[in-house]
Amino acid sequence: MFERFTQDARAVVTGAAAHCERAGEQRVDEAHLLLALLEREGGRAAFALAELGLTGRRDAVERDLAEARRRGGLTRADADALAGLGIDLTEIVSRVEEAHGQGALAGTHAGVVRRSGRRPFTRGAKDVLTRSLRAAVAHGDRHIGGEHLLLALTARPGVPSEVLADHGATYAAVEDLLWGGGGRAKAG
C-alpha cells in the first residue's frame, strides 16, 4: 500500500515516526500522524487544516492530545461512560499520578525498538492508513495523499478525531472543503 502514497503522505508517515521517537514512545499512533500532518506545509491536507484554522491552533491541539494521553488515551465519551458508572476519571488520574508520578497513565516510557530501528505502528495507526486507502478509492484517486490521511483521522473514533472536531475539523467539514461534499476536489 505504501507505494500508493504521495511524497506528501510519505512525509507524514515518516514525520509521525519522528514524533514518536522524540517523545520516547515505543509505537507510532494516530496522534503522531496528526502532529505530523500539522507540520506539513503545502498540499491539500495543509490547505484544509489552514482553512479550518488548525494551523494557528497547533499548540492547543498538542495540549489537547497531551491531556488525553495523560488520561491514558481515553476520550471524553469514555470518561462520560465511566462517570455514568460512578467512576471519576479525574480522581483516578490524580491518584495514579500521586502514587506513580506525573503522566503515569500516558505510557510514554521508552522501550525496545526493533532491530531495524523502526518503530512499529499501533493497530489504530494502521487502521488510519487503511482508511486513507479507502478514502482515496472512494474519491477516485489513484494515490493516497495527506488529505486522505486527514480524512481517515477524522473518520476514526478516538482522541485525534475528537481533538480535530473540537477545533472544527470534522469529517464533514474536511470532505466538504476538499471535495465539495463528494464532488471533484476544490483545493489543490
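**Ground rules.** I am reading a predicted model, where local features need pLDDT of at least 70, side-chain atom pairs count only at pLDDT 80 or more, and totals for chains, interfaces and linings use all residues. Residues are numbered from 1 along each chain as its sequence is written, and side-chain values use heavy atoms, with hydrogens and water left out.

**Entry 1, H8 and H10.** I looked up helix H8 (residues 146–155) and helix H10 (residues 171–179); their axes come within 8 Å and cross at roughly 155 degrees. Axes are lines fitted to C-alpha atoms, for helices over the stretch in contact, with angles from 0 to 180 degrees between N-to-C directions. Helices are DSSP runs (H or I, at least four residues), numbered from the N terminus. H8 and H10 are therefore roughly antiparallel (angles over 145 degrees count as this).

Which residues of H8 and H10 meet? From H8 I noted Glu147, His148, Leu150, Leu151, Thr154 and Ala155, and from H10 Tyr171, Val174, Glu175, Leu178 and Trp179. Contact means heavy atoms within 4.5 Å. I sorted these residues into seven nonpolar, two polar and two charged (Ala, Val, Leu, Ile, Met, Phe, Trp, Tyr, Cys and Pro are nonpolar, Asp, Glu, Lys and Arg charged, the others, Gly among them, polar).

I found the charged end of Arg44 over the ring of Trp179, 4.9 Å from its centre. The rule asks for NZ of Lys or CZ of Arg within 6 Å of the ring centre and within 35 degrees of the ring normal.

The axes of H4 (residues 58–70) and H9 (residues 159–166) come within 10 Å and cross at roughly 145 degrees. Val61, Asp64, Leu65 and Ala68 of H4 touch Val159, Pro160 and Val163 of H9.

Terms used. Helices (H or I, at least four residues) and strands (E, at least two) are DSSP runs, numbered from the N terminus. Angles under 35 degrees count as roughly parallel, over 145 as roughly antiparallel, 65 to 115 as roughly perpendicular and the rest as oblique.
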